[in-house]
Amino acid sequence: MKMSFSYFLLHSIFILFVSVSHSLSDLEVLLKLKSSMVGPSGSGLKDWNHSSPPSAHCSFSGVTCDDYSRVTSISISFVPLSGSIPAEIGHLKNLISLTLSATNLTGELPLEMSNLTSIKFINISSNNFSGTIHRSMIAKLTELEVFDVYNNNLSGKLPTEFVKLKGLKTLHLGGNYFSGEIPEVYSELQSLESLGLQGNGLTGKIPGSLCRLLNLKELHLGYFNSFEGGIPPEFGLLSSLIILDMASCNLSGEIPKTLGNLKMLEQLYLQVNQLGGQIPSELSGLISLKSLELSLNELSGHLPESLSELKNLILLNLFVNHFHGPVPSFIGDLPNLEVLQIWGNNFTSELPENLGLKGNLQLLDVAGNKLTGKIPCHLCRGGKLRMLILMENYFSGPIPEEIGECESLVKVRLMKNLLNGTIPSRLLSLPLLNFLELNDNHFTGELPPQMSAKKLDIFTLSNNSIAGKIPPAIGNLVSLTSLSLETNRLFGELPVEISNLKKLLKLDISGNNISGRVPTSIVDCPELTSIDLSKNSLDGEIPIGISKLRKLTSLDLSRNHLSGPIPEEMGSMISLTILDLSYNNFSGRLPSGNQFQYFSIISFAGNANLCLPHNLSCPSTQESIPRRHSRSSKTTKIVLITVIVLVMFALLLVVTCVVISRKRRAQNRSCRM
């Protein structure tokens, strides 16, 4: 009797508890969500607070309700929450849409999400969710149309229960740690329009049966997956496909000719694989194609002329393959082409003269081929060209003046060619230019007298035949971090305006005929880490205050005509690890201790009047103050000593002659007697 009553009491309490738990209002559920999702380092959902009006929760940020104040949508993105999704979320029976994207949530997906039987849209991408996806949960979400968990830490095998969701249109499982093979049953997701499995650890062969997904518009399988074999030829049946991304997933074999049947395809990404053979001429059937990315493969042969049919092409990337032959002239006729990258191949002959003539070209990179001829003059016809990279070819002739007028240019790399002529007068005044490499060519003439490219970061002109003086306008390039003018024919003095380059890290003007003193203003460039002024005709002394360059790691002043003592202050430059002062006219004692104990004697070779610290007979220069008068005072002393010696020698000679004369007279007298 007591047991029956106890059982009845416990059962009643249980029923009451269940009843109460199921009677949680949406407001209470949201407050539970807040307390769980706003973790220790979270700061979001500040307006999710308890309030007396029964529908107050409907005005919470990211919350939408129906006419009965039931929550139908939660949309929170880019808010730092740092907690986890609690089990109470299962009480939001009317929830249709759930977005918790880029909120730094962690933990596993609660099984109670299976109670959200009305939900159609789930986007919990870009978080740190871990564990597996509960298969039983998926099977109960029968109304689901979008399931997006991209970029989390989920793992395990790809769940096959998704095939039970007959209305599923978007399935994004990419950017996680799923492993194993792509299930064959995924071909039964007949309503699917977008399938994203990229960026996992998937293996095995790509099922050709996925060609049954006739509604599929996007297929993403690349990145970090490592499949066996190649692209299934059956994919040519995916007639609705707009995006096919199979980049960097260990594909081999040839590009199937059947892909040319994809009339709706706009983006084809097959880069970073081991695809070989030639580009099938059948790809000319991709009449809607805007982006063709085949770079970093083993493709070879000529570019098929049939690709001239790709009139909608905006991007063509073929770099790092084995293509050869000329760049076809039809490339210049593509009306919408904005990006052409064919670097790292074996293309020969000249670039099409009409390249850029359509006025849409923004990026051209043909580096590392065997291209010849002149630079086409129409590359910036539309005023949109941002990057011009032609380095490591055999281009000749001058830089077209039109390039010097191209105000959209950001990066210009023309190094290691056979270019000649003068530098266009306005090239160093382009408003957006931040990278200019002209080294290892045959440029002549002088530097432009006017320079105003305030965004220029790196300027390299080494190994040319540029003559004349460095213009004071060099000081207008206030964003420079690297200036390389070595091995030219520059002369004259270094302009003091170099001190305006407050961001300068590297200065190399070696191998010219620069004369005069090293300007003291150079110590006003506080970021300098490397200075190379070697192989010039500089004279005078090392500037006073050089120790102000506290970040300097390398200083080369070798093979000049510098003189005077090496400043003691340099011993405190603890950042200085490379020093070369060889073959100058330095004198006095080499500073001892501190940083100088780490430098080799080779760093000071060729300075005849420079004494090592252990040489006790070395005359001190400490007494000669100021330093600039030391040489003249020494010269005066030497002259004075020389005069005294000569006078004494003359007096000695006179005395000797007198003595000899007297002896002779004495001898004569004795003979007469």
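A: This is a predicted model. Start with Asn 317, which is found in strand S18, residues 315-317.

Q: Is Asn 317 buried or exposed?
A: Asn 317 has a relative accessibility of 4%. The cut-off for buried is under 20%, so Asn 317 counts as buried.

Q: Which residues is Asn 317 in contact with, leaving aside neighbours within four places in sequence?
A: The contacts are Leu 292, Glu 293, Leu 294, Ser 295, Val 339 and Gln 341. With Gln 341 there is also a polar contact, side chain to side chain, at 3.1 Å.

Q: What holds strands together in a sheet?
A: Strands of a sheet pair through backbone hydrogen bonds, in either a parallel or an antiparallel sense. Here, strand S5 (residues 130-131) pairs with strand S7 (residues 153-157) in the parallel sense, over 2 bridges. Within that pair, Ser 130 has Asn 153 in S7 as its bridge partner.

Q: How many bridges join S7 to strand S9?
A: There are 3 bridges between S7 and S9 (residues 177-180), and these strands run parallel. Gly 156 has Phe 178 in S9 as its bridge partner.

Q: What is the strand order in the open sheet of 7 strands?
A: The order is S31-S33-S35-S37-S39-S41-S42, with parallel pairing. The edge strands are S31 (467-468) and S42 (609-611), each of which pairs on one side only.

Q: Which residue in S41 is the bridge partner of Gly 564?
A: The bridge partner is Phe 586. Strand S39 (residues 561-564) and strand S41 (residues 585-589) pair in the parallel sense over 2 bridges.

Terms used
Residues numbered from 1 in each chain as written. Predicted model: local features only at pLDDT ≥ 70, side-chain atom pairs only at ≥ 80, totals over all residues. Heavy atoms only, no water. Helix = DSSP H or I, 4+ residues; strand = E, 2+ residues; numbered from the N terminus. Buried < 20%, exposed > 50% of the residue type's maximum accessible area, 1.4 Å probe, protein only. Polar contact = N/O pair within 3.5 Å; in protein donor to acceptor, adjacent residues only side chain to side chain. Contact = heavy atoms within 4.5 Å. Pairing = 2+ DSSP bridges.
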